[in-house]
Amino acid sequence: MAEDYDLVILGGGTGGYVAAIRASQLGLKTAVVENRKLGGTCLHRGCIPSKALLRSAEVYRQTKEAREYGIETKDTTINFSEVQARKNSIVDRLHQGVQGLMKKGKIDVYEGFGRILGPSIFSPMPGTISVEYENGEENTILTPKNVIIATGSSPRSLNGLPFDGEHILSSDDALQLEELPSSMLIIGGGVIGIEWASMLNDFGVDVTVIEYAKQILPTEDKAIAKEMERLLKKKGIHFVKGANVLADTIDIADDVSIQAEVAGEKINFNAEKILISVGRTANVANIGLENTDIQVEKGFIVTNSSMQTKESHIYAIGDVIGGMQLAHVASHEGIKAVEHLANENPLPLDYETIPSCIYSSPEAAHVGLTEKEAKDKGYNVKVGKFPFQAVGKALVHGEAAGFVKIVADRDTDDLLGVHMIGPHVTDMISEAGLAKVLDATPWEIASAVHPHPTLSEAIGEAALAVDGKQIHG
């Protein structure tokens with residue numbers, strides 16, 4: 001017997017469960033189908049566990065540096081099993097919270113694998129969901145008026161270098177390490193690779209990062225990427241850019257060795273383990289897309305600005321549609337999709353107002369266009385930049401490296417982008433996000449009084465610097 005719903009969501013990750021809550025608020029009978037755990041990649045294999053490990057690494061580093069603050073410590077050591085236990089405890093607590101939110105919203109959760117069926121006796125349109133269970137229990141049939149696909153993504157491997165969970169690791173595998181390796185070769189210098197490089201380095205692991213592009217963090221502003229590389233090199237992380245990894249040279253013994261071609265020369269790299277961090281692949285396999293007219297391009301589901309697929313009653317959100325592939329983006333895409341199918345007429349999501357963060361040490365964050373992107377779009381650009389070394393609170397914290405950079409339109413004074421690297425910038429970037437939402441100018445940002453002493457003073461000074469009016473620089 002089929003169960004009728006207003007909305008069924010495939011995937012209970014950050015995008016899926018937030019969409020379910022919004023649907024519940026709007027009075028829609030809603031179900032979530034999740035084949036692993038509610039909270040998805042972000043909660044169990046991404047954002048939260050990795051940040052828990054980053055925090056432990058940060059505390060370890062800061063403890064070793066305590067003498068600089070007049071604090072004497074002795075015999076600082078890492079109990080990595082306790083580090084992992086703390087991480088797991090945080091994840092479990094948040095998982096219980098998500099489960100509670102589902103109960104509060106009277107949202108049905110089916111713990112199985114959801115597959116989209118084509119036209120059938122249940123519905124003349126594609127979209128009926130068959131829920132399959134690992135224990136062989138008979139499938140459950142759900143007949144929704146609307147569907148949201150929120151199946152997320154998985155770590156992408158390199159051809160010829162499949163993950164084995166022991167020597168060649170994905171980020172999922174790395175989160176489950178029982179002990180720290182002596183050395184790690186990270187293939188991929190994007191956001192995830194840099195966060196892992198920073199974390200492992202703080203834990204005392206010898207780290208080398210190999211990046212195919214000429215710049216680490218290829219999607220970041222050039223000045224931010226350059227400063228990040230400089231500061232991480234200063235900490236002892238090794239970087240090799242413009243490197244083409246030769247997968248067929250892999251040799252696994254006690255350690256792992258592999259070659260990469262750099263400027264026409266083959267260079268050999270050795271490490272205890274390899275972490276591959278070269279992006280993520282959308283989870284579109286075996287979910288029944290072939291039973292629909294849904295279009296897939298370059299591995300990602302195609303949607304319009306309302307998150308609708310080619311099947312107007314089937315929506316898709318989050319990593320499965322590509323784009324920014326961030327948890328908070330998926331959440332807001334889910335809200336937009338639900339409000340659209342509920343005829344709430346939401347405005348499309350403006351991706352240039354959404355912040356992106358890197359939780360390394362130092363942290364980095366941005367919103368809007370890089371300087372190069374702005375110039376490529378034809379803007380007459382002006383830039384303001386202000387260093388944290390001129391901010392008293394940064395010196396108090398002992399973290400004075402980095403800066404805030406603001407990109408604006410010289411002709412209209414419109415704010416185009418804000419870029420930060422330094423202490424706690426992931427907590428500061430929301431001010432810039434709000435400025436973008438409100439279409440603020442640098443003058444308006446500077447007109448907001450930034451209390452002293454705070455790290456946020458760097459934002460106000462950078463806004464003044466756009467027109468050469470900074471006070472302390």
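Predicted model: local features only at pLDDT ≥ 70, side-chain atom pairs only at ≥ 80, totals over all residues.
Is F203 buried or exposed? F203 is buried, because its relative accessible area is 6%, and the cut-off for burial is under 20%.

F203 has an aromatic partner. F80 and F203 pair edge-to-face, with 5.7 Å from centre to centre and 90° between the planes.

Y5 and Y110 make up an edge-to-face pair, 6.3 Å centre to centre and with 90° between the planes. This pair also links distant parts of the chain: Y5 lies in strand β1 (residues 3-10) and Y110 in strand β3 (residues 108-110), 105 residues apart. Both tyrosines, Y5 and Y110, are buried.

Next come two helices. Helix α7 has 13 residues, so at 1.5 Å a residue it should span 18 Å; its end C-alpha atoms are 18 Å apart, which agrees. Its buried residues are I224, A225, E227, M228, E229, L231 and L232. An α-helix has 3.6 residues a turn, so residues three or four places apart point the same way. The cover over the buried residues of α7 includes α6, β11 (238-241), β20, β21, β23 (403-409) and β24.

Helix α11 covers residues 425-437. It has 13 residues and reaches 19 Å from its first C-alpha to its last, close to the expected 18 Å. Buried here are V425, T426, M428, I429, A432, G433, A435 and K436. Among the elements that cover them are β20 (356-358), β21 (363-368), β24 (415-422), α12 (442-447) and α13 (457-465). Just after α11, D439 takes a positive phi of about 55°.

Now turn to the second largest pocket. It holds about 520 Å³ of space. Its lining has 20 residues, and R61, S361, G398, E399 and A401 lie nearest the centre. Helices α3 (47-64) and α7 (222-234) each supply at least two residues of this lining. By type, the lining divides into eight charged, six polar and six nonpolar residues.

A cis peptide bond joins S361 and P362, with omega at about 10°. P362 is placed in the loop between β20 and β21. A cis bond also runs from H452 to P453, where omega is near -5°. P453 is in the loop between α12 and α13.

Which way does phi point at A263 and D413? A263 has a positive phi of about 55°, although it is not a glycine. D413 is not a glycine either, and has a positive phi of about 70°. A263 is found in the loop between β13 (256-262) and β14 (265-271). D413 is in the loop between β23 and β24. Their surroundings can be set side by side. A263 is exposed, because its relative accessible area is 82%, and exposure requires over 50%. D413 counts as buried, because its relative accessibility is 19%, and the limit is under 20%.

How values were computed. Residues numbered from 1 in each chain as written. Heavy atoms only, no water. 1 Å grid on protein atoms, 1.4 Å probe; cavity = no way out; pocket = protein on both sides within 12 Å on 5 of 7 lines; lining within 4 Å. Points joined across faces, edges and corners; volume = space filled by probe spheres on them. Helix = DSSP H or I, 4+ residues; strand = E, 2+ residues; numbered from the N terminus. Nonpolar A, V, L, I, M, F, W, Y, C, P; charged D, E, K, R; others polar. Expected span 1.5 Å × (residues − 1). Buried < 20%, exposed > 50% of the residue type's maximum accessible area, 1.4 Å probe, protein only. Contact = heavy atoms within 4.5 Å. Phe/Tyr/Trp six-rings, centres within 6.5 Å; stacked < 30°, edge-to-face > 60°.
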